[in-house]
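Subject: Handover of a structure and notes on its contents

Dear colleague,

Please find below the structure that I am handing over to you. My notes on it follow directly after it, and I would ask you to read them with the model open.

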Amino acid sequence: MSSLLPALRASLPVLFGYVPLGIAFGILFQDLGYPWYLATLMGLVVFAGAAQFMAIGLLAAHAGLLEVAISTLALNARHIFFGLSLLHRYRVRGLRRFYLIFGLTDETYSLVTGTPAPDPRHADGYYLALTALNHLYWVTGCTLGALIGQALDFDTSGMEFALTALFLVLLLEQWNSVRNPWPFLVGSGCGLLAILLLREQMLLVSLSLTLILLLLHRHRGEAPA
Amino acid sequence: MSGTGYLLAVIGVMAAATFATRLTPFLLLQHKADHPLLLYLGRMMPPAIITILVLYGLQGIGVGSLHAALGVAAASTVTLVLHRLFRHPLLSIFGGTACYMVLLQGGLLA
């Protein structure tokens, strides 16, 4: 598959973020006393970093299933905004479509919207490769952490900065290609406001505000259709 | 241990809830994918979202202390400068991450 190598290169920073984070999750998970392969299972079918970390606390407190459901929905509600802006890109049908939607994490979204597909006419192969590779990194991290736990020697602390660095690079790239400063201004304004007002729900608040402002902006006719 | 059954139920619930949040827009709006409004959002939201994700990442890491914030600022600057100069994503990311790891493991960010 000719998309594999470009996807590998593009997703390398995600590997540097997901593996240490996955390991951290795996270590916390096996602290709870569950067998290691259930960390693998969780990474495989949930595939959501923040939610999995939150789950550690919920599991330790023996939270009820309803509470788990509501907390997960609230934490991951921001994914709704991802799908909203990917409708025109995710055209493929069937099992591949299912998998693309299933694997829609923050980082996958950033790569899909921020890096060019090697063949624009068959971009879905590229998106699938990105999704699958990120999934692999995450599951590997979770498994390693649960298996090897505290025995890991190499000091990887700080390596998860790779994710922030990736977002910064993608931001620069977007800045070069999207000539309109307006979405960046809206994003910064809403983001900063949300951090100041409601830090814990920062993503949901800023994304909702952003959506509203972008819609208003278009309605007032200032943006080109 | 409270039982593997409980854990499996939790995993199942979380998988369903997570997938639901990702699936919803596709389920509800796919037949309108070519609507001008959704195309507009498809163009405008990615830069806004990436800006928000940058802020989210920065505030997640850089808040422990002034030192932590300065360390994050330094590593971010390295990333941005490298990218401005060379336009090579992996170099920029590696450079910024290496800078951050050195500062962190060198005990400068406590």
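The model is a predicted one, and for chain A the mean pLDDT is 88, with 94% of the residues at 70 or more. The confidence can also be followed element by element in chain A: helix 2 of chain A (residues 36-45) has the highest mean pLDDT, 96, whereas helix 9 of chain A (residues 161-177) has the lowest, 86.

The interface between the chains

May I begin with the place where the two chains meet? Chain A brings 93 residues to the contact, and chain B brings 70 residues. Between them, about 7400 Å² of area is buried, and carbon and sulfur atoms account for 77% of that area. Three residues of chain B deserve mention here: Met14(B), Arg22(B) and Phe26(B) together supply 10% of the area that chain B buries against chain A, which is more than any other three residues supply.

The rule finds 14 residue pairs in polar contact across this interface, both residues of each pair having a pLDDT of 80 or more. On the side of chain B that touches chain A, the elements giving two or more residues are helix 1 (4-29), helix 2 (36-61), helix 3 (66-86) and helix 4 (89-105) of chain B. Which of these helices gives the most residues to that side? The answer is helix 2 of chain B, with 25 residues. By residue type, the side of chain B that touches chain A consists of 47 nonpolar, 18 polar and 5 charged residues.

Salt bridges between the chains

Over all chains, the whole structure holds 5 salt bridges, and the rule finds 2 salt bridges across the interface of chain B and chain A. In one salt bridge, Arg91(A) pairs with Asp34(B), and the closest N and O atoms are 2.7 Å apart. In another, the side chains of Glu173(A) and Arg87(B) meet at 3.0 Å, N to O. This pair joins two chains, because Glu173(A) belongs to helix 9 of chain A while Arg87(B) sits in the loop between helix 3 and helix 4 of chain B. Arg87(B) counts as partly exposed, since its relative accessibility is 46%.

Salt bridges within chain A

A further salt bridge links Arg78(A) and Asp106(A), with the closest N and O atoms 2.9 Å apart. These two residues come from distant parts of the chain, 28 residues apart: Arg78(A) is in the loop between helix 4 and helix 5 of chain A, and Asp106(A) is in helix 7 of chain A (residues 106-114). Is Arg78(A) buried or exposed? Arg78(A) has a relative accessible area of 7% and is therefore buried. Asp106(A) likewise counts as buried, at 7% relative accessibility. The side chains of Arg78(A) and Asp106(A) are also joined by a polar contact of 2.9 Å. If neighbours within four places in sequence are left aside, the residues in contact with Arg78(A) are Asp106(A), Leu203(A), Leu204(A) and Leu207(A).

Asp124(A) and Arg96(A) form another salt bridge, in which the closest N and O atoms are 3.2 Å apart. Arg96(A) is partly exposed, with a relative accessible area of 40%.

Two residues with a positive phi

Finally, I would draw your attention to the backbone at two places in chain A. Phe47(A) has a positive phi of about 50 degrees, although Phe47(A) is not a glycine. Phe47(A) is located in the loop between helix 2 and helix 3 (49-60) of chain A. With a relative accessibility of 1%, Phe47(A) counts as buried.

His62(A) is not a glycine either, and its phi is positive at about 50 degrees. Where is His62(A) found? His62(A) is in the loop between helix 3 and helix 4 of chain A. Its relative accessible area is 48%, so His62(A) is partly exposed; a residue counts as exposed only when that value is over 50%.

Yours sincerely,
A colleague

Definitions and conventions
Residues numbered from 1 in each chain as written. Chains lettered and ligands numbered in written order. Heavy atoms only, no water. pLDDT = per-residue confidence, 0-100. Helix = DSSP H or I, 4+ residues; strand = E, 2+ residues; numbered from the N terminus. Contact = heavy atoms within 4.5 Å. Buried area = accessible area lost by both parts, 1.4 Å probe. Salt bridge = Lys/Arg side-chain N within 4 Å of Asp/Glu carboxyl O. Polar contact = N/O pair within 3.5 Å; in protein donor to acceptor, adjacent residues only side chain to side chain. Nonpolar A, V, L, I, M, F, W, Y, C, P; charged D, E, K, R; others polar. Buried < 20%, exposed > 50% of the residue type's maximum accessible area, 1.4 Å probe, protein only.
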